[in-house]
Amino acid sequence: MSPVVGGWSCQPFGSETHRREAKSEGQAPWGLMAGRRLDLLWVLLMVETVSGAGASSPSAGAHTSPLFPASGVNQTPVVDCRHVCALNASDRCDFIRTNPDCRSGGGYLDYLDGIFCHFPPSLLPLAITLYACWLLYLFLILGVTAEKFFCPNLSAISTTLRLSHNVAGVTFLAFGNGAPDIFSALVAFSDPHTAGLAFGALFGAGVLVTTVVAGGIAILRPFTAASRPFLRDIIFYMVAVFLTFTALYLGRVTLPWALEMLSDSEEEDRVSSTTNSYDYRQEYQPLLFDQESTAQILVQALSPLDCRKWKSKPVHWRALKVLKLPVEFLLLLTVPLVDPDKEDRNWKRPLNCLHLVISPLVLVLTLQSGAYGVYEIGGLFPVWGIVVIVGTGFAAVTFFATSNSEPPRLHWIFAVLGFLTSALWINAAATEVVNILRSLGVVFQLSNTVLGLTLLAWGNSIGDVFSDFTLARQGYPRMAFSACFGGIIFNVLVGVGLGCLLQISRGHPEVKLEPDGLLVWVLAGALGLSLVCSLVSVPLQCFQLNRTYGFCLLLFYASFLAVALLTEFGVIHLKSV
């Protein structure tokens with residue numbers, strides 16, 4: 001009889017993959033985008049190079065698991081972590097703590113240890129509920145950080161470099177708009193066991209956006225699509241899917257293949273699917289500088305709430321704002337924000353000086369999950385202490401060399417600092433998302449692929465859904481429809497290509513991939529089929545997209561989801577020869 005915990009059966013849900021393994025062991029849009037994106041890859045490569053160079057440096061006791069650990073180097077025999085539910089309740093904690101397959105490759109919290117070692121069996125439903133709430137809040141953190149801090153700082157950098165809207169859109173802003181998807185993919189590719197999350201999320205989001213979102217746009221406001229951009233985007237997306245499918249079939253990614261992936265992302269034109277909903281210009285209207293003291297400027301800059309705006313908003317907006325307040329306050333305190341559209345470029349002298357201390361501290365405490373920040377140089381003084389001392393010195397010089405009323409000549413440095421800090425905040429949140437999803441997969445006996453194509457894909461795509469639907473309702477259905485295809489092309493090419501490239505940069509000749517059985521092929525096939533159907537049906541309709549086309553796309557996604565779940569639970573499976 002299978003163990004039952006608090007009314008929740010840990011009997012496997014019928015996953016084909018699990019049975020096989022058990023048997024063997026017994027916004028205004030931010031640009032119409034086209035062109036090159038490799039300009040920004042040096043940033044992540046620089047962070048990865050720094051993390052890789054000192055992988056053995058942190059002192060004992062610190063969490064030293066690399067952000068992108070090498071695959072295939074663990075020589076200890078491992079058992080699939082999902083087998084924990086087949087054990088007695090008293091043996092599960094030891095299994096989780098001793099089995100290498102149950103260890104996460106990064107992050108601050110050990111979710112599996114929390115479920116099986118700190119919650120009694122009778123409270124397993126409570127633990128799952130708490131994890132689900134934390135997962136939703138992590139998605140909120142990802143959205144707020146990318147929308148209100150990461151993307152605006154990238155916009156400021158492109159303005160400082162005097163890039164055209166076209167070039168800026170396909171480099172910095174394109175990367176910013178897809179930040180949650182890309183960082184989730186980078187974290188998932190850090191381990192071949194969780195690579196299914198990346199494929200599931202990227203392909204799942206592709207099916208979701210090209211069917212549900214595109215169909216919803218056609219239902220909300222029928223329109224005539226632009227023929228050449230549509231054909232261009234869908235053909236490039238099919239090429240991207242084919243390249244990824246090839247990597248899955250071969251089971252590995254080499255350096256030339258990863259660079260092919262990234263070079264293809266240069267060629268396609270991208271329309272941002274994220275509208276410019278960044279409205280801090282309304283929330284933080286500066287008063288006259290001669291009427292504000294330094295203390296007043298600091299308090300005003302740290303306030304994420306405009307009382308006048310609060311009174312005019314509906315109840316649901318206020319409820320969501322209450323959830324956002326802690327995140328926005330923390331980000332305002334730790335992430336510099338440069339706004340080139342403001343006359344003062346959002347220069348807040350006391351807060352920006354404080355950022356010179358806090359932001360570098362956040363960088364060292366989030367890089368490698370804080371391993372380098374707590375490392376003691378010579379066994380005497382921690383790295384974070386040196387960062388605070390140096391940052392305080394720069395802050396003091398900046399404070400006495402500038403004024404409240406005029407931004408300094410090197411104000412653009414704060415945009416770079418804000419970009420790096422927000423990028424690591426996003427990476428930290430994405431790491432926790434991946435770890436939670438993997439933990440839920442262990443508890444519910446689900447593969448990483450099905451978690452990726454459902455929860456992770458839905459969470460990362462919710463912003464695209466709302467922004468594209470809003471564009472359609474405002475009378476821009478063509479722009480929203482183009483975003484459905486343009487945005488996900490970049491996410492697939494860079495998410496897979498850069499994720500594998502960062503692993504290869506650590507000295508490994510290739511990246512091993514471990515697809516989760518038949519399901520990943522169902523996912524890739526469904527995405528390819530949806531693209532082929534749109535490629536054929538849209539021209540046949542003379543590019544006039546009506547509600548019938550929209551409902552057909554919704555029906556396709558519902559059918560795909562049903563097939564995927566039936567495959568996961570073993571109802572649909574390949575006959576063994």
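At the start of helix α4, a side-chain oxygen of Asp110 comes to within 3.5 Å of the backbone nitrogen of Leu112. That is a polar contact, defined as a pair of N or O atoms within 3.5 Å; within protein, one must be able to donate a hydrogen and the other to accept it, and residues adjacent in sequence count only if both atoms are side-chain atoms. Helices are DSSP runs of H or I with at least four residues, numbered from the N terminus.

Before I continue, a word on the source: this is a predicted model, in which local features need pLDDT of at least 70 and side-chain atom pairs count only at pLDDT 80 or more, while totals for chains, interfaces and linings use all residues. Residues are numbered from 1 along each chain as its sequence is written, and side-chain values use heavy atoms, with hydrogens and water left out.

Let us stay with α4. The helix is largely enclosed by the rest of the structure, because six of its eight residues are buried. Buried here means under 20% relative accessible area, exposed means over 50%, and partly exposed lies in between, with a 1.4 Å probe and protein chains only. The buried residues are Tyr111, Leu112, Asp113, Gly114, Ile115 and Phe116. Against which helices do they pack? They pack against α3, α5 (124-160) and α17, where contact means heavy atoms within 4.5 Å.

I turn now to the salt bridges, each being a side-chain nitrogen of Lys or Arg within 4 Å of a carboxyl oxygen of Asp or Glu. A search of the whole structure finds five. One of them joins Arg438 and Asp101, with the closest N and O atoms 3.5 Å apart. This pair links distant parts of the chain, 337 residues apart: Arg438 lies in helix α17 (residues 412-444), and Asp101 in the loop between α3 (89-98) and α4 (111-118). Arg438 counts as buried because its relative accessibility is 12%, and Asp101 is likewise buried, at 8%.

Another salt bridge pairs Lys321 with Glu328, whose closest N and O atoms are 2.9 Å apart. Which residues does the network around this pair contain? Salt bridges with shared partners join Lys148, Lys321 and Glu328 into one network. Lys321 is buried, with a relative accessible area of 3%, and Glu328 is buried at 0%.

Finally, Asp306 forms a salt bridge with Arg308, the closest N and O atoms being 3.8 Å apart. Are these two partners buried or exposed? Asp306 counts as buried, at 12% relative accessibility, whereas Arg308 counts as exposed, at 66%.

Technical notes:
Helices (H or I, at least four residues) and strands (E, at least two) are DSSP runs, numbered from the N terminus.
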